[in-house]
Amino acid sequence: MKNVFVVGAGPAGMFAARKVALAGYDTFLFNRDIKPGGLAEYGIYPLKDKMKFGLRKQFAQVLNLPNVHYFGNVKVGNGYDLTIADLEAMRPAAILFTSGAQGAHNLGLPGETAKGVYAAKDFVYHYNQLPPYASQDFSTGRRVAIIGIGNVAIDIARWLLQDSPSRATEEVVIIARRGPLEIKFDKKEIGYVARHIEHDALAAELDRIKDRCTSCNQDVSPQSVFASHFPMLNEEDFTSISPRLSFRFLSSPTAVLAGTDGRIEKLEVAENDLVLSTDGSTKAVRTDQKTLLDIDTLIFAIGDKHDEQLGLPMGPDGYATLADPEHPNNPHFEVWDPTNTCPLPGHFVAGWARRASTGLVGIARHDGELGAVKTIEYVQNLPDTNTLTEPEILAFLRKKGLHPVTKSDLALLGTIEQQQAALRKLNYFKYSDNESMFRAIAEAKAQTAQSGEETRLQPIS
Ligand SMILES: Cc1cc2nc3c(=O)[nH]c(=O)nc-3n(C[C@H](O)[C@H](O)[C@H](O)COP(=O)(O)OP(=O)(O)OC[C@H]3O[C@@H](n4cnc5c(N)ncnc54)[C@H](O)[C@@H]3O)c2cc1C
Ligand SMILES: NC(=O)c1ccc[n+]([C@@H]2O[C@H](COP(=O)([O-])OP(=O)(O)OC[C@H]3O[C@@H](n4cnc5c(N)ncnc54)[C@H](OP(=O)(O)O)[C@@H]3O)[C@@H](O)[C@H]2O)c1
């Protein structure tokens, strides 16, 4: 038997598993979370129903393939549930790592461990109900600063301005180290929150920084910037509503100051100059000019990095991979050990684990599928590795004291969650702690035993 292991069941892992399984290999998914989906389930904005339902349906179809096997609630890495060496001991023909970007970028600011300072990913996991983040304290106050000006920053602003049950927010200020022409968010995403922006306040901010941008030959007049990034503000009948969304460009945080209760009270930011590089890109260069802002919540939305504890060699953008010398610009998927300057045969990486915080679901899917192709090419040329069977793997995991969640458990959980949704008259219901999910699985097992029915994963329509 030559079976393939896939670590992580986000979009990259799920679509990779599909490809490997359709090539005829038994595929075993090991996933940190009980449920599959990764950021598609626990990152994408909660109100993007159509997209989330569509993806859940596709993931259910992958899991319904008879040669795809699933072990949820199993975290791989040094000091976690299973090490890579434990996986290797089960003799897979290859392992494809698609565990995403779970490490946080730390700016190392004085005071950044104050209460009320969060990493965007953790905050997003919290409002998307991922255990254990769902039950942890992510309280927000009246004045929230978000560092970074990409789509994640806009999602978080949207949550705080419109959908957070706490309704505490009076103002969200997005702080960007560079200028308005280096904005990373999409027009569609800003469209959800643009009505919280005050036309004149944004125009005044553009005026405040215009000389520094002009030195890089940039036109940051309101007319130009509104047209390129905030089209709604040019509409004749545009009126803004509270809570407010404001922007501070050419600014970098330099220190967090906490109050006597240990919670952030002020944020010190430095003004930046904008410098043009020879390749035409711009760089923020910090000046000595500093300002103190009244801020009671700070969220870093500056992208994530790969988790060092997984145990693979780290590269600059994701786990280290081996470049093809003949095609250096092609994506490469085989893990490379830079210390011993050799590849790690049979170890592949794809999705956000390969290039952290890069691109939409479709890109992660494509990357997973390319990684799967490379994995299949490798496995095809191998002799039998005699991988453990599903019952043997389950026994191995249980012997280690783990509680893996299988495909049939997921189907049972889905049944109970559908019942709960119907009871609560909701489109969709999901549990936000592992204990409730395990209780629901046990309850469904009891129901199934009574009725004698077999439960299969139901694609969600
Ligand atoms: C806040 C936010 C909102 C987004 N909104 C959109 C959107 O609206 N539209 C869009 O197209 N894209 C969106 N994206 C991008 C999209 O979510 C990603 O492109 C995609 O999810 C990346 O897929 P992945 O499989 O590489 O990683 P992930 O989705 O992160 O999946 C990683 C998987 O690995 C598992 N895992 C992690 N560590 C381990 C471990 N140690 N052992 C075992 N398993 C592990 C996790 O449980 C998870 O299931 C958003 C991203 C973010 C952060
Ligand atoms: N709704 C959606 O479709 C959606 C939602 C969320 C995420 N996504 C996708 O997920 C991916 C990740 O999104 P993201 O918003 O995390 O990343 P992103 O688009 O790369 O934006 C990151 C932001 O953080 C800033 N930044 C990085 N390092 C910094 C530092 N050290 N100090 C200050 N600022 C810093 C960047 O500024 P510089 O430009 O100066 O580096 C940039 O403004 C993107 O592909 C995004 O499109 C999509």
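How do the residues of the shell around ligand 2 divide into nonpolar, polar and charged? They divide into seven nonpolar, seven polar and six charged. In this count Ala, Val, Leu, Ile, Met, Phe, Trp, Tyr, Cys and Pro are nonpolar, Asp, Glu, Lys and Arg are charged, and the others, Gly among them, are polar.

Before I continue, a word on conventions. This is a predicted model, in which local features need pLDDT of at least 70 and side-chain atom pairs count only at pLDDT 80 or more, while totals for chains, interfaces and linings use all residues. Residues are numbered from 1 along each chain as its sequence is written, chains are lettered from A and ligands numbered from 1 in the order in which they are written, and side-chain values use heavy atoms, with hydrogens and water left out.

Let us stay with ligand 2. There are 20 residues around it, of which K48, N151, R177, R178 and G359 come nearest; a residue is near a molecule if one of its heavy atoms lies within 4 Å of it. Helix α6 gives the most to this shell, with three residues. Helices (H or I, at least four residues) and strands (E, at least two) are DSSP runs, numbered from the N terminus.

Turning to the polar contacts, which are pairs of N or O atoms within 3.5 Å, a polar side-chain atom of R178 lies 2.8 Å from an oxygen atom of ligand 2. A polar side-chain atom of E189 lies 3.1 Å from a nitrogen atom of the ligand, and a polar backbone atom of V152 is 3.1 Å from an oxygen atom. Taken alone, ligand 2 exposes 920 Å², and the protein buries 79% of that; accessible areas come from the Shrake-Rupley method with a 1.4 Å probe.

Next, ligand 1. Among the 33 residues around it, N31, D33, K48, V76 and W352 come nearest. From A12, a backbone N or O atom lies 2.9 Å from an oxygen atom of ligand 1. On its own ligand 1 has 1000 Å² of accessible area, and the protein covers 95% of this. The elements giving two or more residues to its shell are α1 (11-22), β2 (27-31), α6 (151-163) and α10 (361-380). By class, the shell holds 17 nonpolar, eleven polar and five charged residues.

I now leave the ligands for a helix pair. Helix α8 (residues 199-214) packs on helix α9 (residues 222-229) at an angle of about 115°, the axes being 10 Å apart. Axes here are lines fitted to C-alpha atoms over the stretch in contact, and angles run from 0 to 180 degrees between N-to-C directions. H199, L202, A203 and L206 of α8 meet P222, V225 and F226 of α9, where contact means heavy atoms within 4.5 Å. Six of these residues are nonpolar, one is polar and none is charged.

Finally, the backbone. A cis peptide bond, with omega about -5°, joins P131 and P132, and P132 lies in the loop between α5 (120-127) and β7 (143-147). The bond from S242 to P243 is also cis, with omega near -5°; P243 is in the loop between α9 and β9 (244-248). T341, a residue other than glycine, has a positive phi near 40°.

Technical notes: Polar contact = N/O pair within 3.5 Å; in protein donor to acceptor, adjacent residues only side chain to side chain.
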